[in-house]
Amino acid sequence: MALWRPDPTFYPSPREAVNAPPETLAYIAAFDRSAERPDALAVVDVDPDSTSYGSVVGWQDLPYTGDELHHFGWNACSSALCPNAPHPHVERRYLIVPGLRSSRLYVIDVKDDPLKPSIVKVIEPEELAERAGYSRPHTVHCGPEGLYVSALGGANGADGPGGVAVLDHTSFEVLGAWEADRGPQHLAYDFWWHIAHDVMITSEWGTPSMIEDGVNAELLLGRKYGHALHFWDLRKRRHVQTVDLGDEHQMVLELRPAHDPTKTYGFAGVVVSVEDLSASVWLWYREDGEFKARKVITIPAEPADSGDLPPVIAPFGAVPPLVTDIDLSVDDRHLYVSCWGTGELKRYDVSDPFNPVEAGSVRIGGITRRTPHPAAPDLPLAGGPQMVEVSRDGRRVYVTNSLYGSWDDQFYPDGVGAWAAKLDSGTEFTFDERFFPHGDDFRGLRPHQVRLQGGDASSDSYCYP
């Protein structure tokens with residue numbers, strides 16, 4: 001539906017977005033590991049003045065089983081105000097929700113009744129395969145001239161290459177593959193852009209066969225998972241440059257570019273080094289006309305008794321941090337780093353992106369620690385901070401604990417459980433003890449990713465400073 005005025009949740013600049021009204025609802029994608037029940041979209045009350053604060057107040061089951069919902073996103077966001085591809089009269093109304101295992105995409109309307117999301121369209125895997133040549137959709141971003149969806153696999157049983165498909169803003173039809181010339185890129189995972197500079201960045205995890213059943217030790221030790229960043233001409237859709245981080249740095253996952261559109265730097269998280277089990281965060285930046293990357297954060301593994309470890313890491317006698325998500329506040333000041341293995345969420349001051357300074361840390365869950373939430377001190381927790389989302393004003397940080405079904409089972413073989421938590425991020429970095437939906441609140445499903453009503457730190461891109 002066209003609007004006479006731009007959607008009030010769109011902001012031309014991050015400076016204005018920081019002053020947006022606080023969110024009152026959060027949407028959480030949750031999946032059934034057994035694939036016997038449908039996955040669902042849960043609605044959680046995040047208004048601290050509400051009597052149902054911290055509770056699941058809405059729910060939408062999907063019509064099929066076996067989807068394994070993953071990184072969903074909005075149909076439209078502040079990029080609609082950019083002058084190079086303006087769409088000022090669309091509205092942030094629909095969530096585009098991919099099933100990583102099924103290759104389906106759901107279009108879910110949350111405008112008319114935010115507590116009762118409704119499915120308005122299902123994009124079947126055959127359409128994604130036929131029109132874009134891809135399968136296994138992973139991440140959704142609203143951007144110039146359409147909706148962008150990364151995919152890990154090729155079509156018709158092809159394991160790869162993965163890449164990016166584009167959907168129409170209005171009809172949600174699959175338009176085709178985004179890449180006009182992919183160059184050497186084969187592995188895919190996340191993607192983002194410096195929208196005002198016509199630069200796209202993509203990262204690497206693995207093809208479906210490499211991730212489907214958990215970490216493949218042979219592939220990991222053989223350094224076969226992704227270890228590079230790719231830079232593209234966004235408008236021409238052509239591969240421009242590869243920056244290899246070194247094949248010891250396995251699985252380059254989440255990308256978080258600076259929100260300030262005058263900047264051309266950003267952060268990439270690396271899950272593990274096969275040399276010492278450490279995790280790391282890298283800074284990409286442009287210098288003398290080329291992109292470069294530098295490791296700016298190293299998080300070491302923590303020694304542990306082999307008898308306390310799951311089989312996949314028992315021979316190493318240590319718990320790897322396993323950095324599986326990062327998120328950058330809209331003011332580009334704080335970077336949040338999820339250590340899913342050790343159960344730690346770290347906050348860094350990245351005002352100087354070349355020299356991050358740790359500015360807070362909390363513990364919850366973890367492979368060996370099983371740290372409880374302050375609201376339930378007698379309840380040991382499995383999983384750890386996994387997906388992390390930050391409010392636009394930077395004051396609230398939400399985390400969920402499930403990564404990917406087969407990987408959950410591998411690192412937490414006694415069960416990963418289900419929980420979400422919220423941190424207050426100000427002078428102190430502490431848990432909100434009133435906010436802890438967990439266990440039966442998620443009806444037996446595992447929560448994966450959070451989106452905040454009206455937008456959040458990883459939803460939008462801006463064209464004005």
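Ala165 stands opposite Ala177, a residue of β11. Strands here, like helices, are DSSP runs numbered from the N terminus, with at least two residues (E) for a strand and at least four (H or I) for a helix. The strand β11 covers residues 174-177 and pairs with β10 in the antiparallel sense over 3 bridges; two strands pair if DSSP finds at least two bridges between them. The hairpin of β10 and β11 has 6 residues between the strands, and within this hairpin Phe172 takes a positive phi near 65°.

The model is predicted, so that local features need pLDDT of at least 70 and side-chain atom pairs count only at pLDDT 80 or more, while totals for chains, interfaces and linings use all residues. Residues are numbered from 1 along each chain as its sequence is written, and side-chain values use heavy atoms, with hydrogens and water left out.

Several points of backbone geometry deserve attention. Most residues other than glycine have a negative phi, and most peptide bonds are trans. Gly160 and Pro161, however, are joined by a cis peptide bond with omega of about 5°. Pro161 belongs to the loop between β9 (146-154) and β10 (163-167). That loop between β9 and β10 also holds Asn156, which is not a glycine but has a positive phi near 55°. Asn156 is exposed, with a relative accessible area of 78%; exposed means over 50%, buried under 20%, and partly exposed in between, for a 1.4 Å probe and protein chains only. Glu145, in the loop between β8 (134-143) and β9, has a positive phi of about 65° although it is not a glycine. Glu145 is likewise exposed, at a relative accessible area of 52%.

Two glutamines in loops can be considered next. Gln185 is placed between β11 and β12 (191-194) and is buried, with a relative accessible area of 3%. Its side chain reaches the backbone oxygen of Leu187 at 2.9 Å. Beyond neighbours within four places in sequence, Gln185 is in contact (heavy atoms within 4.5 Å) with Pro161, Gly162, His230, Trp232 and His239.

Gln386 lies in the loop between β25 (357-363) and β26 (388-390). Gln386 is buried, with a relative accessible area of 0%. The side chain of Gln386 makes a polar contact with the side chain of His448 at 3.4 Å. A polar contact is a pair of N or O atoms within 3.5 Å; within protein, one must be able to donate a hydrogen and the other to accept it, and residues adjacent in sequence count only if both atoms are side-chain atoms. Not counting residues up to four places away in sequence, Gln386 touches residues including Asp325, Trp340, Asn401 and His448.
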